[in-house]
Amino acid sequence: MNQLRMVWRKTLNYVMLTLTGVAALGVVSVLFLILGYLIFNGGSSLNLNFFTQLPKPVGETGGGMANAIVGSLKLLFLAAILGLPVGLMAGVYLAEFGGKTFSFVIRYTTDLLNGVPSIVIGIFAYSLAVLPVKHFSTFAGGVALAIMVIPITVRSTEEFLKSIPISMREGAMALGASKWKTIATVILPAASGGILTGMLLALARVAGETAPLLFTAFSNQFWSPGWGQPIASLPVMIYTYAIAPYDDWHRQAWAAGLVLLTLVLIANVGTRMLLSRGATRSA
Amino acid sequence: MKKTLVLVSLMLGLALVAVAQGGTILLNAAGATFPYPIYSKWFNVYHQLHSDVQINYQSIGSGGGIRQVMAGTVDFGASDGPMSDDQIADFKKARGMGILHFPTVLGAAVPSYNIPGVTAELNFSQKALAGIFLGTITKWNDPEIAKANPGVNLPAQDIVVVHRSDGSGTTYIWTDFLSKVSDDWKTKVGKGTSVNWPVGLGGKGNEGVSGLVKQTPDAIGYIELIYALQNNIAFGKVQNAAGKYLKADLAGVTAAAAGAAKDMPDDFRVSITDAPGATAYPISSFTWLLIPETISDATKRDAIKGFLKWMLTDGQKEVEALSYAPLPKPVVTKELKAIALIK
Amino acid sequence: MSSAPATIDNSATSHYGGGSRSFVRRWLDGDEVAHIITLLFAAGILLLTSMLVWELWVNSHLSRAKFGWDFFWTRTWDPIFENFGAAPFIYGTLVTALVSLLIAVPLGLAAAIFLAELAPRKFSDSVAFLIDLLAAVPSVIYGLLGIFIVVPLMRTTIGPFLKATLGFLPIFQGPNYGVGFLTASIVLAIMIVPYIISVSREVLLTVPREQREAALAMGATRWEATWQAVVPWARTGIMGSIFLALARALGETMAVTMVIGNDPKIAASLFAPGYTIAAVIANEFTEATGNLYLSALIELGLVLFLMTFILNGLARLLIMATERGGGRPS
């Protein structure tokens, strides 16, 4: 009897260990599958036209996504200048100045904002930046993305600031520096690597967002001058083209997906590498 | 630090370049997907003729066109379902002015399908279409469909109905037709840009429905004629008021509009579905641009008026290539006069 | 400088020796100014979030007034007769989220266990890194893959297979279109599995070694030690990761709307097309003609917000409880 039980336990052990390994490998392989499909389907459409031409009228082949690429860059730029400073300052507050209860409230609210579905952020940005001026605009899209960037930046800024050892602060204060001087000249530069990577990751995250742009930045088949007109963006174009029946549009959607994913992955991989290198440097 | 400076100046440079495009008149429009192929062609051609006018049209569905022009977020809208009296009253309340309808082209909504193994052109009786979309006819080999298609081997498969998930003028045209030919439909569902569909999958825009039909075996969906042609999706003949089965084409659509051409009301809102006549294609429709009566920005107003004039004269020459029927002459004349109403 | 604090004080100001300088001193040093500036930014976040909730509440007023609590169980969504109910969307949102959890949790937990317990550390770190990259893939790209890969797969392979083997269950009956609840759940599962893996793995890594070693010392196999001694210790943290993933799944918009079929119906079959709150808002927001229609959509947004709010709160509590070092096996 005991023999049987031993065999059962050993088999179960072997089976489960294998299954968990298979699970892990399976999940990882999905990543390569995604990349593979995008490269296979989109790689061939990545020609010069794609990067330099505007979309052609419906049904005509050719044309590109030049305006969407620039559009995404402009939107990210707005998200950066509107959202990153807020996130940075709030992170500094939480790490350096905050009292207990107010900090708790801010942290909780930031987490809350982080968890809001992006479509709801889109509704909010619509009532905030589209309705009052009565038109869709790059600015409204930037506002929506900025709102999403803030919580991510707050959290990473706070974490990196807190990771700076107390000894650095005490050292600066021992030399007579005021608190804000310490923060500005000693702490922030020391944590800058981590903070910047946090910011870059936040931007990479919102670069792929589609839902909040649907009713803020809308879309545009031409170039969008300035900041007050609707603007095309890569994610929205991917969405529009993917659900349409035109094969040429499908190919362009794959290509756009490849471009978008490549940028996001470069940002993620690049920041990780920078972080690990920075860690060994400052240790 | 240096890197950020470079990045920031790059961005500013981009922005400046963008702003430097001064002098361009930018018009934003949104609405129907039904005429999107011809609109996108028109706006593109017009931009090449008048490089200072840029009309950005987003095909988000007729419901979207009506909503956004009412909210004032676009300069004009487009819809294949004319605005109802209530909606016009709402517009007046919201914007303090009236709204004008300008027909642009004539188009046809077709029942497109994708039945593996069936290459023949199917005939759809009025009862069959109503039944399919009501969900009372569920299989392709149902007697109501089979009796109109003798000799065709229809499979005993479930029909996958595809309709619009967004507010659509094409839906309006389709449900307008079904309401006229089926009392059941009229009472249970009614007509509108967005209805409570008894069955079916939802696709976004004519594009989405075409995409779903193309990819889903045993599917049937209603789309504008050009979408079926451009994407090589099979579509069937529909039984018209005179009992004849007609395949949608320019002649059939023009015949359907013939009666309306003579008695066009002043506000151009008219339904031509289920039109009388042996050669009339029963699911035809005008499609309209929705233009506010008062446009305070003079450059925009002139640009819109200029486009309308061009659209009604030279623009009409482009439509047949994309399988839309041009407007009847009496309608064009009436519209050219109506342009003066835009203040 | 004041003397070293006798107790541990977690607030930020303790690093700077407490309030030993006078207010005037601090002002002149510029510290109060810095304090105020950063505080204003932090308060700004509070303001922003409050505005968001307020806007949702106010703009859904028409719909709340007209439908009241009935909104939650009315099954019709009829823009013509202006009768709006949230039931099909709440159903769709919950069903897709729950089914995606059913797929993702076993998969994610298994992978996390492998990475935390069984794989060598460096290998585990690299694989965890790759899985984190999966979390960074934008939703619309998942939607793209969903339309062109999962949907045909569902129609040609997965659907018929399920029907052949489990077709007697009502959830696998009815026509199989390719799009539908199950397809959306599968795509969602792929999207949320990285979150489950990364948080669970971290939580499992904090379990004290004594737990595992004690079990092994008593003659347990590796699996038994893991499953019966280590995982239960991390139970609350793992629950937290599940709640996090659930919250993410509830709010997911693009990928779902591209593969769910967009039909506001409640159906027993997983092959049937459905609709979620996020998907209907994305599809119908720009065209909701009529203020009641728009208000109903915003009320749906409010409902979704509340759902994710509650879930995220619970998730945070659970994860915090584990991190504070208190996983009790019983």
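How many helices and how many strands does the secondary structure of chain B hold?

## Chain B: fold and size

Chain B has 13 helices and 12 strands. Both are DSSP runs, numbered from the N terminus: helices are H or I with at least four residues, strands are E with at least two. The radius of gyration of chain B is 22 Å, close to the 20 Å of the globule rule for 343 residues, so chain B is as compact as a globular protein of that length. That radius is taken over C-alpha atoms, and the rule is 2.2 Å times the number of residues to the power 0.38.

This is a predicted model, in which local features need pLDDT of at least 70, side-chain atom pairs count only at pLDDT 80 or more, and totals for chains, interfaces and linings use all residues. Residues are numbered from 1 along each chain as its sequence is written, while chains are lettered from A and ligands numbered from 1 in the order in which they are written.

Three strands of chain B form an open sheet with mixed pairing, in the order E5-E10-E11. Strands pair if DSSP finds at least two bridges between them. E5(B) and strand E10 (residues 237-239) of chain B run parallel, joined by two bridges. Phe124(B) has Val238(B) in E10(B) as its bridge partner.

Chain A has 11 helices and zero strands. The C-alpha trace of chain A spans about 75 × 70 × 35 Å along its principal axes.

Of the 283 residues of chain A, 55% count as buried. Buried means 20 or more other C-beta atoms within 10 Å of the residue's own; exposed means 12 or fewer, and partly exposed lies in between, with C-beta atoms placed from the backbone.

## Where the chains touch

Chain C puts 72 residues in contact with 73 residues of chain A. Contact means C-beta atoms, placed from the backbone, within 7 Å. Helix H2 (residues 31-59) of chain C gives the largest share of chain C's side, 16 residues. That side divides into 48 nonpolar, 18 polar and six charged residues. Here Ala, Val, Leu, Ile, Met, Phe, Trp, Tyr, Cys and Pro are nonpolar, Asp, Glu, Lys and Arg are charged, and the others, Gly among them, are polar.

The contact between chains B and A takes 28 residues from chain B and 25 residues from chain A. The chain B side has nine nonpolar, 15 polar and four charged residues.

## Helix H9 of chain C

Helix H9 (residues 222-233) of chain C has 12 residues, which should span 16 Å at 1.5 Å a residue; its end C-alpha atoms are 16 Å apart, which agrees. The expected span is 1.5 Å times one less than the number of residues. Buried residues in H9(C) include Trp223(C), Ala225(C) and Trp233(C). Among the packing partners of its buried residues are helix H1 (2-42) of chain A and helix H4 (87-118) of chain C.

## Confidence

The complex has an ipTM of 0.84 and a pTM of 0.85 from the predictor. Chain C has a mean pLDDT of 84, with 90% of its residues at 70 or more. pLDDT is the predictor's confidence in each residue, from 0 to 100.

In chain C, confidence is lowest in helix H1 (residues 23-29), at a mean of 69, and highest in H4(C), at 92. Residues 1-11 of chain C stay under 50. Where pLDDT is low, the predicted coordinates should not be read in detail.

Conventions: Two residues are in contact if their C-beta atoms, placed from the backbone, lie within 7 Å.
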